[in-house]
Amino acid sequence: MRRNRAENDASHTRLTRRAALLGGAQLLFMGGLAARMRYLQVDQADQFRLLAEENRINIRLIPPARGEIFDRKGVRLAQNVPSYRIVMVREDAGDAEEVMDRLSRIITIDAETRERALAEIQRSAPFLPVTIVDDVSWDDVSRVSVNAPALPGVTPEVGLTRVYPRGPDFAHVVGRVGRVSQADLDALENPDQLLRIPRFQIGKINVEARREDILRGKAGTKQVEVNATGRVMRELSRREGESGKDIQLTVDADLQRYVQARLSGESAAVVVIDCDTGDLAAIASSPSYDPNLFIGGISSKDYNPLLESKYRPLVNKTVQGSYPPGSTFKMVVAMAAIEEGIIGPDETVYCPGHLEVAGRRFHCWKRAGHGWVDLENSLKQSCDVYYYDLALKVGIEKISAMANRFGLGVKHDLALSSVAAGLTPTKEWKRSNRGADWVIGDTVNASIGQGFMLASPLQLAVMSARIATGRAVTPRLVKTIDGVEQPSGAGEPLNMNENNLRKMRKAMYEVVNNRRGTAYRSRIIADEYRMAGKTGTSQVRNITAAERARGVSRNEDLPWERRDHALFVSFAPFDKPRYAVSVLVEHGGGGSTAAAPITRDVVLQALAGGEPPLEAYPTADRGRIKTQQRKLREMQPQAGINGNDQA
């Protein structure tokens, strides 16, 4: 009995102890839970409030306004105009396809646009707005706004679209913008987040591309509150970005428009450079194209003709084209020989119509020859033999070095795409690039701007400006950035003998103004506009001995692609040079017949600041020029958006 009582007491003691332990554990647990709840609800309240807000607050980028581009007088060449678009944010829309179906019942969206937009939505970050349709009407914007509750994540926006008021006139200068591609992103080590916005546009070529960092600006940000369906309820804060900087070019829009009209129907290039500053007053390539076609993505119907044309409208011939300079190179050879003291300006060379070199006969363009000629007469009549003889005496190394001093074989630093360096060959160049030794015939060919010698119209204009001034004139395309003047291209003295340069200028004057000069028919008779220049004809085919024996075929009898290129370089006025001009007409035939007349018209237009007086032309030409001027006026419609492209 006592043992049973003792056992019961022990059992009761164990139960009491267990109950106490259990109760203590419960109290400890409840205390910890209370402490944890207090920690979460009081101590960490701010953090969890922030996390909660992040579920309903989105941060979005605000694209900056792109800087605009102007000509030297303030005429807009690239501007931003307001446009409406419809965008969708995937994380706000939820089921993008379902929302797209609803949107398609409200506004017109073709199948191609729909598929493209859905593809962009899927590959873009969920928080980025994707443009569904561009350039929608105000009626479409109104319909989307009225139906907003049924269109989560869909928002009408007012954006800015790039427009080029002067169209084809500046396609090869200003360039164009286009949508950011994967190739664009891959080319950058750390791309700006702006570039990841679907359909964001950046400069693709020329000034738009080469000055992208200046024109783009910096993005702003905004915080927006969205409801459970993802609809934007309100904007909480905004930090404005930084607009791109405006750029003013050196080009004169009116002169550029005239030049493009004058080149109509030709595959050609014209460069007009200010001799005092190096400013490019006009830089035109023909044919051109309308860069506005590329803004929203060009169609195959519009693009294929541009791509397939034998006249290459997409190529900027002024800087991308490299051509044998032909006889326009003769001034370089002469200056190399005279500056070295190898020959004097008044010394003569006999031209019988050819020169025998290493068993090969090199012909002059005049089969009967020019007889005894000095520097002035050799340029005036473009005698080839005179320059064959000089080149053999001076050598290719000194000829190429002189060409470099005059701006040939040099890649000039301009805000244009694919600027060519041209080629002024040397013996080492041929060994390295052709795996062969330089031969004497190479020097003879180079003396008349043929063989390996190559130059762009830009380089030939620079050469002319340097001859005219005796300074290392450097081409300048950007005049100001955000109103800040950019360095002048006036250049330092070339440190050449001024008497030799005077002789060269006088010889170029005779080319145009002497009755026996090759460009006499394109002379200017007004004393204040007198022009000096040099014709050039660049062969694109070999003339065989058999063809020469039976008579060289005339250019007009050959297919267009086999005709010679026509060139002319000049400066004016002769007594105080203001502009230097180079003209190239692809497969135009002779420089005197195809390029020189264009040069005269462009020089007069530039010097007169508009349509020149008929009295500047020879009397016999005035009737034809009057008709030409009337036609050119008709070809130059007033440019601008709604008639206004002036800043």
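## Salt bridges

A salt bridge is a side-chain nitrogen of Lys or Arg within 4 Å of a carboxyl oxygen of Asp or Glu. In this predicted model, K330 and D384 form such a pair through their side chains, with an N to O distance of 2.7 Å. The pair links distant parts of the chain, since K330 belongs to helix α12 (residues 330-339) and D384 to helix α14 (residues 384-394), 54 residues apart. K330 counts as buried because its relative accessibility is 0%. D384 is likewise classed as buried, at 7%.

A search of the whole structure gives 40 salt bridges. One of them joins the side chains of D279 and R72 at 3.6 Å, N to O. D279 sits in the loop between β11 (268-274) and β12 (280-286), and R72 in the loop between β2 (69-70) and β3 (76-89), so this bridge ties together parts that are 207 residues apart in sequence. D279 is buried, with 4% relative accessibility, whereas R72 is partly exposed at 29%.

D184 and K204 meet in a further salt bridge, at 2.5 Å, N to O. Here helix α7 (residues 182-186), which holds D184, is linked to strand β7 (residues 201-205), which holds K204; the two residues are 20 apart. D184 is partly exposed at 22% relative accessibility, and K204 is partly exposed at 30%.

## Helix α22

Helix α22 (residues 622-634) has 13 residues; at 1.5 Å a residue it should span 18 Å, which agrees with the 18 Å between its end C-alpha atoms. Its buried residues are I625, Q628, Q629 and L632. Seen down the axis of α22, these buried residues fall within an arc of 105 degrees, so they line one face of the helix. An α-helix has 3.6 residues a turn, so residues three or four places apart point the same way.

The buried residues of α22 pack against α10 (253-262) and α21 (591-608). K626 and E634 are exposed on the other side of α22.

## Surface and overall make-up

F29, M30, L33 and M37 make a nonpolar surface patch of about 410 Å². L33 lies in helix α1 (residues 2-43) and is partly exposed, at 36% relative accessibility.

The protein has 22 helices and 21 strands. Of its 647 residues, 51% are buried. The protein exposes about 30700 Å², with carbon and sulfur atoms supplying 49% of that area. Among contacts with a separation of 6 or more, 72% are between residues 24 or more positions apart.

Conventions:
Residues are numbered from 1 along each chain as its sequence is written. This is a predicted model: local features need pLDDT of at least 70, side-chain atom pairs count only at pLDDT 80 or more; totals for chains, interfaces and linings use all residues. Side-chain values use heavy atoms; hydrogens and water are left out. Patches are made of residues with over 30% relative accessible area and no salt bridge: like charges are joined within 9 Å, nonpolar side chains (Val, Leu, Ile, Met, Phe, Trp, Tyr) within 5 Å. Accessible areas come from the Shrake-Rupley method with a 1.4 Å probe; for residues, only the protein chains shown count as cover. Helices (H or I, at least four residues) and strands (E, at least two) are DSSP runs, numbered from the N terminus. Buried means under 20% relative accessible area, exposed over 50%, partly exposed in between (1.4 Å probe, protein chains only). Contact means heavy atoms within 4.5 Å. The expected span of a helix is 1.5 Å times one less than its number of residues. The arc is that of the directions from the helix axis to the C-beta atoms.
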